[in-house]
Amino acid sequence: MIQSLKTIKNRIRSIENTRKVTAAMELISVAKLNRIEKSLLNFRPYVAALEGMLHRLLSSSPQARHVFLGEKETVSERVCLGVITSDSGLCGVYNNNIIRLAEEFVRRQDKDKITLVCIGRKGFNYFRRQGLKVENAYLGVNGRYSDKLCLEINDKFKDMFISGAVPRIYIAYTHFRTALSYEPRVEKFLGLEPLAADNRDYLSEPGMDIILDELIPKYLYLKLKLIILESFTAEHSARIVAMKSATDNARDLLEKLTLLRNKTRQANITQEIMEIISSSEALRG
């Protein structure tokens with residue numbers, strides 16, 4: 001079916017407007033990625049060093065005890081899963097990948113024994129439709145990290161664990177590798193496993209219990225901050241790729257439609273010329 005010239009022009013105008021929107025969203029995501037990626041890359045070594053120090057201390061003192069070490073002794077068999085997704089779409093398979101991984105975890109643990117804490121509207125809406133228990137939801141974040149948000153989520157996880165509501169807490173998030181590579185993961189956050197004994201001895205002052213009381217809560221907060229930064233960085237990266245692909249597709253479609261418009265216009269002109277010639281020949285008799 002041959003499209004009219006007006007229809008083609010309307011399609012060109014619509015796609016051009018869409019291309020402008022996707023190009024603008026790509027630029028916005030690039031700016032956000034540059035800012036948050038720098039924070040992430042600077043923060044990773046600090047958390048890794050802190051984690052290494054904590055592991056060395058615990059491995060040298062296998063008898064060490066702390067409220068956050070080991071699974072909480074409780075009659076509850078529920079497991080908490082924190083799920084970090086985006087609040088909006090247009091970021092490719094970013095949300096699909098993490099939701100699929102979280103679903104696999106839920107199936108392994110038993111759906112009726114899972115308590116969810118959702119960060120991001122996409123995950124919240126999906127799991128609420130599935131009928132899972134959502135203990136808390138943090139919506140409207142839009143990929144913007146804040147210490148207030150991190151502290152609020154961290155306190156919620158610790159309260160759930162200390163109260164005995166859940167003996168184990170996991171977090172499903174997206175680990176950022178490069179601008180084109182990211183990996184969905186599920187990691188244990190609370191109910192930390194005891195470490196194997198280490199032959200090295202460490203002299204601790206003012207005492208191992210006091211050190212752990214300071215170190216473990218700090219480590220948990222910084223670990224959660226790193227996880228959130230990883231997820232938000234991956235989200236912006238995924239949105240850049242998706243918007244660039246959409247912009248490129250719109251550009252290719254515009255080229256095809258422009259060519260079709262020119263061909264249609266030329267065909268119309270040729271048709272009008274033929275009609276004029278035919279009319280002239282008919283009048284000439």
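Colleague: Let's start with Phe 43: buried or exposed?
Modeller: Phe 43 is buried, as its relative accessible area is 11% (buried means under 20%, exposed over 50%, partly exposed in between, with a 1.4 Å probe and protein chains only). Bear in mind that this is a predicted model, where local features need pLDDT of at least 70, side-chain atom pairs count only at pLDDT 80 or more, and totals for chains, interfaces and linings use all residues. Residues are numbered from 1 along each chain as its sequence is written, and side-chain values use heavy atoms, with hydrogens and water left out.
Colleague: How many aromatic pairs are there?
Modeller: The count is 4 aromatic pairs, with Phe, Tyr and Trp (its six-membered ring) pairing if ring centres lie within 6.5 Å; planes under 30 degrees apart are stacked, over 60 edge-to-face, the rest tilted. Phe 43 and Tyr 46 make a tilted one, because their planes are at 35 degrees, with centres 6.2 Å apart.
Colleague: Where do Phe 43 and Tyr 46 lie?
Modeller: Both are in helix α1 (residues 5–60), 3 residues apart, about one turn of the helix. Helices here are DSSP runs of H or I with at least four residues, strands are E runs of at least two, and numbering goes from the N terminus. Tyr 46 is partly exposed, at 42% relative accessible area.
Colleague: What about Phe 105 and Tyr 170?
Modeller: That aromatic pair is tilted too, 5.0 Å centre to centre and 55 degrees between the planes. Phe 105 in helix α2 (residues 94–109) and Tyr 170 in strand β4 (residues 168–178) are 65 residues apart, so the pair links distant parts of the chain. Phe 105 is buried at 3% relative accessibility, and Tyr 170 is buried at 15%.
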